[in-house]
Amino acid sequence: MAEISTRGRVIREMIAHVTNDNLIGRKIKTGELRKKLVEPKWHCPDCFRMEEIQMPGFNMEYLSRKERPRKDYVILQLHGGGYIGAMRNAYRSFAGLYCEVSKGMNVLTIDYRVAPEHPYPAALEDAVAAFDWLKKAGWHSRQIIVAGDSAGGGLALALCMYLKDHNRKLPGGLVLMSPWTDLTASGPSYEDNYERDPLFGNTRDSLIYNKDYVGTNDPHHPYISPMFGEFWGFPPMLIQAGEVEMLLSDSVSVAHKAKRQGVRVRFHIYKGMFHVFQMGMMLMPESKAAWAEVKRYFEVVTGK
């Protein structure tokens with residue numbers, strides 16, 4: 001859409017108002033609140049079934065539709081949270097939406113290990129283990145579509161780079177929502193949107209500057225900051241980003257580089273939107289449009 005909606009503008013301003021609070025706002029921006037968040041048990045809608053899977057060191061959840069599940073493709077979801085926040089209920093709702101807009105694909109969501117207790121390469125190791133679990137469950141690599149937001153989007157790209165470097169077949173597609181691909185924070189949007197970003201703006205004390213995941217490693221390493229990697233041979237990508245987010249250039253750089261290297265890329269910057277605005281789900285026109293775009297992407301990639 002050409003202009004930000006009234007509802008989108010109101011929600012963006014509400015977020016900015018909350019995050020600018022000296023006490024609560026700081027905890028939101030640094031990720032401290034996310035790390036300590038205690039949520040009620042998620043109620044799985046009656047149309048789905050949820051299977052909990054124990055892995056060495058982390059857990060996974062496998063969501064499937066009770067009636068007419070698709071058997072030709074599956075989604076591997078990698079959640080966001082700056083590599084310091086564990087999975088939360090919003091991603092269980094994301095899994096349900098992914099299942100619906102994909103016309104019934106099963107969704108495997110992993111609660112991968114996070115920093116500071118588990119810095120790089122823990123998250124990548126868990127993503128590889130989850131990919132391997134799907135392979136052992138009978139899915140071919142091309143039948144797996146990897147979806148991730150923020151840190152999860154960067155992790156999805158890192159997973160593909162790891163698989164390619166180890167001469168393994170890559171997944172069939174990538175859905176990337178505001179992917180965090182540059183942990184050096186070197187892109188122009190970190191300055192251009194510094195005062196506009198309602199989630200991370202107006203401070204250097206936020207999780208996008210947190211180095212707990214990087215640890216003693218080089219933040220330029222492509223498995224940490226995929227923007228610095230190569231995308232030759234990658235599957236078709238859908239990349240969505242918000243116009244006012246500080247991480248915008250993370251998406252711009254990856255989209256342009258991947259296109260130059262022959263990857264099919266659909267890249268959409270949403271007017272006036274903030275980091276992972278898709279969390280609005282069906283509450284505002286922009287997030288509804290984003291999920292509709294995800295639906296069209298699935299139709300193009302899978303042929304139905």
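Buried here means under 20% relative accessible area, exposed means over 50%, and partly exposed is whatever falls in between (1.4 Å probe, protein chains only). Strands are DSSP runs of E with at least two residues, helices are runs of H or I with at least four, and both are numbered from the N terminus. The model is a predicted one: local features need pLDDT of at least 70, side-chain atom pairs count only at pLDDT 80 or more, and totals for chains, interfaces and linings use all residues. Residue numbers start from 1 along each chain as its sequence is written, and side-chain values use heavy atoms, with hydrogens and water left out.

In a regular strand, side chains alternate between the two faces of the sheet. Strand 3 runs parallel to strand 4 (residues 106–111), the two being paired over 5 bridges; pairing requires DSSP to find at least two bridges between the strands. Leu76 has Leu108 of strand 4 as its bridge partner.

Helix 4 (residues 89–101) is mostly covered too, with 11 of its 13 residues buried. Among them are Asn89, Arg92, Gly96 and Cys99. From first C-alpha to last, helix 4 reaches 19 Å, close to the 18 Å expected; the expected span is 1.5 Å times one less than the number of residues. Just after helix 4 comes Lys103, with a positive phi of about 65 degrees.

Rings of Phe, Tyr and Trp (its six-membered ring) are paired if their centres lie within 6.5 Å, and the planes count as stacked under 30 degrees apart, edge-to-face over 60 and tilted for the rest. That rule gives 14 aromatic pairs. One of these joins Tyr270 and Phe277, a tilted pair at 4.9 Å centre to centre with 50 degrees between the planes. Both partners are tucked away: Tyr270 is buried at 2% relative accessibility, and Phe277 is buried at 0%. Elsewhere, ring pairs tie Tyr91, Phe94, Tyr98, Trp291, Tyr297 and Phe298 into a cluster, and Tyr91, Phe94 and Tyr98 are among the buried residues of helix 4.

Now for the backbone. Most residues other than glycine have a negative phi, and most peptide bonds are trans. The loop between strand 4 and helix 5 (122–136) holds Pro116 as well as Pro121. Ala115 and Pro116 are joined by a cis peptide bond with omega at about 5 degrees, and the bond from Tyr120 to Pro121 is cis with omega near 15 degrees.

Two further residues other than glycine have positive phi values: Asn167 near 55 degrees and Val276 near 50 degrees. Asn167 sits in the loop between helix 6 (151–165) and strand 6 (173–177) and is exposed at 73% relative accessibility. Val276, in the loop between strand 8 (265–270) and helix 9 (285–302), is buried at 7%.
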